[in-house]
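Hello,

Here is the structure for you to look over. Please open it first, then read the notes below.

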Amino acid sequence: MGEYVLLRHRDIPNIDNIEVYRQNGGFEALQKVVTSMQPDEVTDVVKASGLRGRGGAGFPTGLKWSFIDRKKWPHYVVVNADESEPGTFKDREIMERNPYQFLEGVAICAYAVGAHAAYIYLRGEFWPVAATLDKHIAAMEAGGFLGDNLFGSNYHLRMFTHLGAGAYICGEETALLESMEGKLGQPRLRPPFPPSFGLYGKPTIVNNVETLTNVPLIMARGAEWYKSIGTEKSPGPKIFSLSGRVNRPGNYELPLGTTFRELIYTHGGGVPGDRSVKAIMAAGASSSLIIGSEAALDTPMDYESVPSLGAQLGSASVIVIDDTISIPWLINKTIHFFKHESCGKCTPCREGNFWMLNLTERIAHGHADWSDVELLYAVASQMRGKCLCALGEFAIEAVVSGIERFRPDFEAAVGKAASQG
Ligand SMILES: Cc1cc2nc3c(=O)[nH]c(=O)nc-3n(C[C@H](O)[C@H](O)[C@H](O)COP(=O)(O)O)c2cc1C
């Protein structure tokens, strides 16, 4: 790929300095938007660009902005910087290294949806990131890029950081809003959705860090330029967080539609010891297990193609699993996480994860028989579609796909128990 769009600090040193950012066209898009465009026009450009949310669901961003309820005021923008999916570490790099492009994107979003306050909700462990962002926000205020009468207009905007307390569920947007309000971080029943009933019950747009970091360049260079990157239905660049059994783990900014093979072999340097790829998790711990076939490796990573493998792209946190890994061991790890992070509000997720942990513990450690595998499959299948939020759905993905697609691993784990008598 040529020029970086999101990880621009890799092309432009010190872009986290406001002067360097300005010298490289920083805040020109914000100025153009605030001084010469109507809010709806901004939303229309983002719609036309085809930008889709990078937090996981891939929801069209401009369409979400257009849902903001204009009959109720005030409006808020809340940035999801919780970055809590195991295997996802892209938003942190953006906020640490290319912070002004991100903050400019937040400001443009706020203008488009008529918000005068924007909040950045960061996971508790990101407190040093929040402290640095506070300084960047102060520098923007001092430079006239935030505050009253921006660029001589009558538009005003303030930004604030807000720290969570280290709970995965607070990445779910309605639990995040509850947490911001000082309540227990648990998801809300929907509808109503945040664009009509969000923070403090007011219309709110919740977007991911990476999503909003696309916006300044979309406004500066236009929707057609943006659509020239990626695929027709999944346009633009994406940061793939690559981890697991690869020689060069890290963040890779590539066009959507790049194949798994190119990411893992060309950029990630392949699998240590040239072992074969047994499985791929494309969306962190929340993934279905994709069988590491040649066809899968040649599949483009975009929102349309990954589902053809019985999985989702999600936040594009690609975890590579080689043939040294036992799948029962792996799902025991993921279920440990989900059992710990289930908020307990809805019964299927709370009880289901508890039982899945007991069963995967037994299976992974050679103390189970085949009826335990069947019971695990039944528990997981019965959770599907019955949880209050997607956490419960995420938890079962690796379990169900693991049993269906890697049956010999479970037979081996159970066989171990039989041979131990
Ligand atoms: C359990 C759970 C955890 C989530 N964690 C995150 C997260 O850490 N960061 C994020 O941006 N979105 C996360 N999401 C997705 C958000 O609910 C929401 O869809 C997203 O912030 C919308 O932004 P986008 O449209 O820009 O992607 C999570 C969802 C669930 C169900």
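The ligand is surrounded by 23 residues. The closest are Gly53, Gly55, Gly171, Asn208 and Thr211. Please keep in mind that this is a predicted model.

Which elements supply the shell around the ligand? Strand β4 (204–208) and α17 (390–405) each supply at least two of its residues. The most comes from β4, which gives three. By type, the shell has eight nonpolar residues, nine polar ones and six charged ones.

**Domains**

The domain assignment of the protein chain gives three entries: domain 1 (8–224), domain 2 (237–322) and domain 3 (327–419). For domain 1 and domain 2, the C-alpha centres are 27 Å apart. The two are in contact through 13 residues of domain 1 and 15 residues of domain 2. On the domain 1 side of that contact, two residues are nonpolar, five are polar and six are charged.

**The core**

The largest nonpolar core holds 131 residues. Those with the most contacts inside it are Val77, Val78, Val106, Ile108, Cys109, Ile280 and Ala282. Helix α6 (residues 99–113) provides the largest share of this core, with 11 residues.

Take Val106, one of the residues with the most contacts in the core. What does Val106 touch, leaving out residues up to four places away in sequence? The list is Val77, Val79, Ala118, Met159 and Leu212. Val77 is itself among the residues with the most contacts inside the core.

**Ile18**

One more residue to look at. Ile18 sits in helix α1 (residues 18–23). Is Ile18 buried or exposed? Ile18 has 20 other C-beta atoms within 10 Å, and a residue counts as buried at 20 or more, so Ile18 is buried. Leaving out residues up to four places away in sequence, Ile18 touches Tyr100, Ala139 and Gly143.

**Where to start**

I would begin at the ligand, with Gly53, Gly55, Gly171, Asn208 and Thr211 as the closest residues. Then go to Val106 and its contacts, Met159 and Leu212 among them. End with Ile18 in helix α1.

Best wishes

Key. Residues are numbered from 1 along each chain as its sequence is written. This is a predicted model: local features need pLDDT of at least 70, side-chain atom pairs count only at pLDDT 80 or more; totals for chains, interfaces and linings use all residues. A residue is near a molecule or strand if its C-beta atom, placed from the backbone, lies within 6 Å of it. Helices (H or I, at least four residues) and strands (E, at least two) are DSSP runs, numbered from the N terminus. Ala, Val, Leu, Ile, Met, Phe, Trp, Tyr, Cys and Pro count as nonpolar, Asp, Glu, Lys and Arg as charged, and the others, Gly among them, as polar. A nonpolar core is a set of buried Ala, Val, Leu, Ile, Met, Phe, Trp, Tyr and Cys residues joined through C-beta atoms within 7 Å. A residue is buried if 20 or more other C-beta atoms lie within 10 Å of its own, exposed if 12 or fewer, and partly exposed in between; C-beta atoms are placed from the backbone. Two residues are in contact if their C-beta atoms, placed from the backbone, lie within 7 Å. Domain bounds come from an automatic or database domain assignment.
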